[in-house]
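User: I've got this model open and would like to walk through its helices and side-chain contacts. Can you help me read it?

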Amino acid sequence: MSRTRIDLTVPDLSGRRAVITGASDGMGLAMATRLAAAGAEVILPVRNLRKGESAITTIRQTVPRANVSLRSLDLSSLDSVATLGANLRGEGHPIHLLINNAGVMTPPDRQTTADGFELQFGTNHLGHFALVGHLLPLLRAGRARVTSQVSIAARRGAINWDDPNWERGYRGQRAYSQSKIAFGLFGLELDRRSKAHGWGITSNLAHPGVAPTSLLAARPELGRGQDTPQVRLIRALSARGILLGTVETAQLPALMAATSPDAKAGALYGPSGPGHLGGPPAEQRLYSPLRSTNDAARIWDLSEQLTRTTIPTA
């Protein structure tokens with residue numbers, strides 16, 4: 001089945017520094033390539049430096065003069081997050097774009113981060129929360145736009161306030177939904193606090209719909225020795241152009257949210273096709289679990305407590 005080409009125009013980003021997590025493959029790599037092609041200096045914080053070097057090679061095959069470099073980051077380790085923050089602050093360059101894109105999804109058994117948090121909550125949300133805290137001076141200096149990648153899994157579910165680390169009765173999909181709800185609430189609260197305290201940062205959300213990325217693929221380090229049946233079905237439907245997106249189209253909502261001069265602070269962007277599974281990027285109504293300002297303030301306070309990262313208002 002033929003597929004109509006879907007794309008968007010990325011404005012000139014010359015002279016701007018962009019940081020994107022999870023850019024060693026998939027959507028993140030596609031976004032990093034587009035940012036580099038638009039003239040941005042692109043920083044790739046990666047856990048696997050070998051994959052990162054391969055990503056840079058791939059970017060330069062498309063953008064020979066790309067200004068792109070690696071930094072070390074493991075979002076499942078608060079020490080690693082703090083080290084990256086200190087290193088980038090030491091470089092002293094303002095950050096103009098931050099795309100919080102990295103994530104893990106549904107390990108079959110409960111796993112924990114280096115700091116003892118449930119892996120999805122700790123990586124998808126808490127790691128990024130701490131990263132923003134450590135980079136805040138650079139984000140303020142660059143009057144940055146921060147785009148956080150959530151998921152259609154945030155449409156349903158709730159924060160497990162009594163047991164956010166799922167120490168009692170781990171449910172992988174519910175824990176994944178919680179991590180993305182928490183992350184979305186944080187992204188929206190970041191924008192509110194920036195407005196209230198004059199930080200000059202704008203923050204919004206994006207989700208990729210459903211596409212054949214590596215989230216559900218074989219990940220031995222997550223206890224998943226082979227591709228899930230879900231990702232095999234997603235690949236088959238995507239290849240036939242049925243409902244779902246591709247890796248190339250799935251990057252576009254976050255790219256729009258992060259770079260478009262028309263993208264709004266505090267808004268959610270995603271595919272506009274049936275069920276928001278695929279199609280051209282567009283603004284969407286906030287998911288119900290993301291609308292509570294009380295929940296957003298509560299997850300901010302809990303995240304500061306858990307990560308021992310206080311984000312100052314002044």
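Predicted model: local features only at pLDDT ≥ 70, side-chain atom pairs only at ≥ 80, totals over all residues.

User: OK, α4 to start. How many residues has it, and how far does it reach?

Analyst: α4 covers residues 119-141, which is 23 residues, and reaches 32 Å from its first C-alpha to its last, close to the 33 Å expected. That expected span is 1.5 Å times one less than the number of residues. Helices here are DSSP runs of H or I with at least four residues, strands are runs of E with at least two, and both are numbered from the N terminus.

User: Where is the kink in α4?

Analyst: At Leu 135, shortly before the proline Pro 137, and the kink is about 65 degrees. The bend at a residue is the angle between axes fitted to the seven residues ending there and the seven starting there.

User: Is α4 mostly covered or open?

Analyst: Mostly covered, with 19 of its 23 residues buried. Buried means under 20% relative accessible area, exposed is over 50%, and partly exposed is in between (1.4 Å probe, protein chains only).

User: How about α1, how many of its residues are buried?

Analyst: 9 of the 12, so α1 is largely enclosed by the rest of the structure. Among the buried ones are Met 27, Leu 29, Met 31 and Leu 35. After α1 comes Gly 39, with a positive phi near 100 degrees.

User: Switching to rings. How many aromatic pairs are there?

Analyst: The structure holds 3. In one of them, the rings of Phe 186 and Trp 300 have centres 5.5 Å apart and planes at 45 degrees, so that pair is tilted. The rule is that rings of Phe, Tyr and Trp (its six-membered ring) pair if their centres lie within 6.5 Å; planes under 30 degrees apart are stacked, over 60 edge-to-face, and the rest tilted.

User: Which helices do those two sit in?

Analyst: Phe 186 is in α5 (residues 172-197) and Trp 300 in α9 (residues 293-307), so to speak distant parts of the chain, 114 residues apart. Phe 186 counts as buried at 2% relative accessibility, and Trp 300 is buried at 0%. Together with Phe 129, these two form one aromatic cluster.

User: What lies over the face of Trp 161?

Analyst: Arg 298, at 4.0 Å from the ring centre. A charge sits over a ring if NZ of Lys or CZ of Arg is within 6 Å of the ring centre and within 35 degrees of the ring normal.

User: Now salt bridges. How many?

Analyst: There are 9, each being a side-chain nitrogen of Lys or Arg within 4 Å of a carboxyl oxygen of Asp or Glu. One joins Arg 17 and Glu 91, with the closest N and O atoms 3.0 Å apart. Arg 17 is in strand β1 (residues 17-20) and Glu 91 in helix α3 (residues 78-91), 74 residues apart.

User: Are Arg 17 and Glu 91 buried or partly exposed?

Analyst: Arg 17 is buried, at 5% relative accessible area, whereas Glu 91 is partly exposed at 31%. Both belong to a salt-bridge network that also includes Glu 41 and Arg 71.

User: What does Asp 25 meet?

Analyst: Lys 51, in a salt bridge of 2.8 Å from N to O. Asp 25 is in the loop between β1 and α1, and Lys 51 is in helix α2 (residues 49-62).

User: Last one: which backbone nitrogen does the Thr 21 side chain reach?

Analyst: That of Asn 101, at 2.9 Å. Thr 21 lies in the loop between β1 and α1 and is buried, with a relative accessible area of 1%.

Terms used
Residues numbered from 1 in each chain as written. Heavy atoms only, no water. Polar contact = N/O pair within 3.5 Å; in protein donor to acceptor, adjacent residues only side chain to side chain.
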